[in-house]
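Hello,

Here is the structure we talked about handing over. My notes follow below it.

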Amino acid sequence: MSARTLPLLFLNLGGEMLYILDQRLRAQSIPGEKARKDEWTDVDRKRVMNDIISTMFNKKFMEELFKPQDLYSKKALRTVYDRLAHASIMRLNQASMDKLYDLMTMAFKYQVLLCPRPRDILLVTFNHLDAIKDFISDSPGILNQVDETFRRLIETYNCLSDGEFQLIRQTLLIFFQDMHIRVSIFLKDKVQNSNGRFVLPISGPVPWGTEVPGLIRIFNHKGVEVKRAEFTTAGNYVTPQREGSFELYGDRVLKLGTNMYSVTRPVETHMSGSSKNLASQAKENIAPKPLAKEELNFLARLLGGLDIQKPTGGETGFRLNLFTTDEEEEHAAQTRPEELSYKVINIEATQEPGRRAELVRILGELEVAEPRPGSAEKGEDLLALMDGL
């Protein structure tokens with residue numbers, strides 16, 4: 001496995017999370033002068049996005065993230081995203097957070113599968129960061145944080161060989177290999193089968209630096225071409241006009257990693273039958289694992305570097321529901337197989353250097369910050385952008 005995979009995984013999944021939250025909040029925003037105290041406004045949306053992005057690109061957090069290290073478990077990474085999603089006034093309960101994480105992971109898995117060449121995973125990451133910069137274009141301080149991470153990516157990854165990028169791609173595919181969650185957008189576009197597996201195209205542009213298939217060249221022992229033979233291919237291939245830019249600014253050419261929620265579309269997620277069977281046959285052992293302490297210490301360092309913005313004064317945490325109704329959300333939480341739920345690891349993390357965090361409990365229920373008694377919850381009655389789980 002590659003020790004350089006974690007930053008790419010985190011940034012791309014984070015980008016997908018921001019796409020979903022932005023579209024969800026935009027669809028439900030009420031003009032400020034018309035909004036009640038318990039309704040989302042565009043000002044609230046911008047604040048949520050700014051707070052999450054500022055936390056996501058925290059300098060200390062990025063320094064820890066970019067240190068060479070192996071990938072950690074899905075549950076461990078889910079803990080980081082849970083903390084990240086709650087870095088502002090927004091609150092998600094376990095069912096909505098599970099749905100959000102499902103959409104994030106399946107979108108990025110599809111992008112990794114479609115990358116023409118392993119190095120293009122970096123272009124996918126740049127597409128996510130370009131879009132994130134658009135979200136905070138009117139916040140120079142946060143924009144500078146994202147640019148710093150951009151420069152760190154260029155410095156770290158532009159010099160890697162094709163073989164190292166192939167190892168990164170394989171590491172990502174191993175991470176995603178047992179995840180087959182059906183997403184309505186992919187099903188309607190016929191790029192995903194009913195069992196949750198993706199359909200890969202056999203036509204389109206070939207990777208940059210390669211030729212359209214259909215010609216066989218034969219060389220002698222001196223390296224001189226002595227014969228040619230043509231063959232018919234099943235696909236319709238074209239040569240790309242140019243390579244995408246790997247610089248801070250430029251045309252990425254590749255469209256993978258751009259915002260697929262920019263047009264309002266209902267998005268549903270469903271567990272495929274194969275995933276349910278797999279989960280029921282292979283329940284994860286909750287006994288402590290040999291690497292658990294290392295993993296938890298790593299997470300403690302990451303979470304300790306996150307400056308979470310707490311509601312101040314009379315402000316309360318406002319709830320966001322990714323389902324049509326509260327009843328749907330509750331039903332999804334009750335019917336989701338326990339083996340497929342992402343239990344959250346709860347950690348007490350300190351920011352004091354040289355100190356290790358203490359594990360409160362390894363696998364526990366998702367803790368949702370509740371508003372104080374008597375306070376209103378913003379978004380309680382909002383219509384969901386995405387229908388049902």
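Helices here are DSSP runs of H or I with at least four residues, strands are runs of E with at least two, and both are numbered from the N terminus. This is a predicted model: local features need pLDDT of at least 70, side-chain atom pairs count only at pLDDT 80 or more, and totals for chains, interfaces and linings use all residues. Residues are numbered from 1 along each chain as its sequence is written, and side-chain values use heavy atoms, with hydrogens and water left out.

Salt bridges

The whole structure holds 17 salt bridges (a side-chain nitrogen of Lys or Arg within 4 Å of a carboxyl oxygen of Asp or Glu). Burial terms: buried is under 20% relative accessible area, exposed is over 50%, and partly exposed is in between, with a 1.4 Å probe and protein chains only.

- Arg26 pairs with Asp22 at 2.9 Å, N to O. Both sit in helix H1 (residues 6-28), four residues apart, about one turn of the helix. Arg26 is partly exposed at 45%. Asp22 is buried at 4%.
- Arg78 pairs with Asp98 at 2.6 Å, N to O. Arg78 is in helix H4 (residues 74-85) and Asp98 in helix H5, so the bridge ties together parts 20 residues apart in sequence. Arg78 is buried at 0%, and Asp98 is buried at 2%.
- Arg217 pairs with Glu211 at 3.3 Å, N to O. Arg217 is partly exposed at 32%; Glu211 is exposed at 55%.

Shared partners join Asp22, Arg26, Asp42, Arg45 and Lys46 into one salt-bridge network.

Positive phi

Lys190 has a phi near 60 degrees. Lys190 lies in the loop between helix H9 (184-188) and S3, and is exposed at 68%. Val253 has a phi near 65 degrees. Val253 lies in the loop between strand S6 (237-238) and strand S7 (269-271), and is partly exposed at 29%. Most residues other than glycine have a negative phi.

Nonpolar patch

Ile216, Ile218, Val224, Val226 and Phe231 form a nonpolar surface patch with about 420 Å² of accessible area together. Patch members have over 30% relative accessible area and no salt bridge; like charges are joined within 9 Å, and nonpolar side chains (Val, Leu, Ile, Met, Phe, Trp, Tyr) within 5 Å. Areas are Shrake-Rupley with a 1.4 Å probe, and for residues only the protein chains shown count as cover. Val224 is in the loop between strand S4 (215-219) and strand S5 (225-230). Val224 is partly exposed at 44%.

Regards
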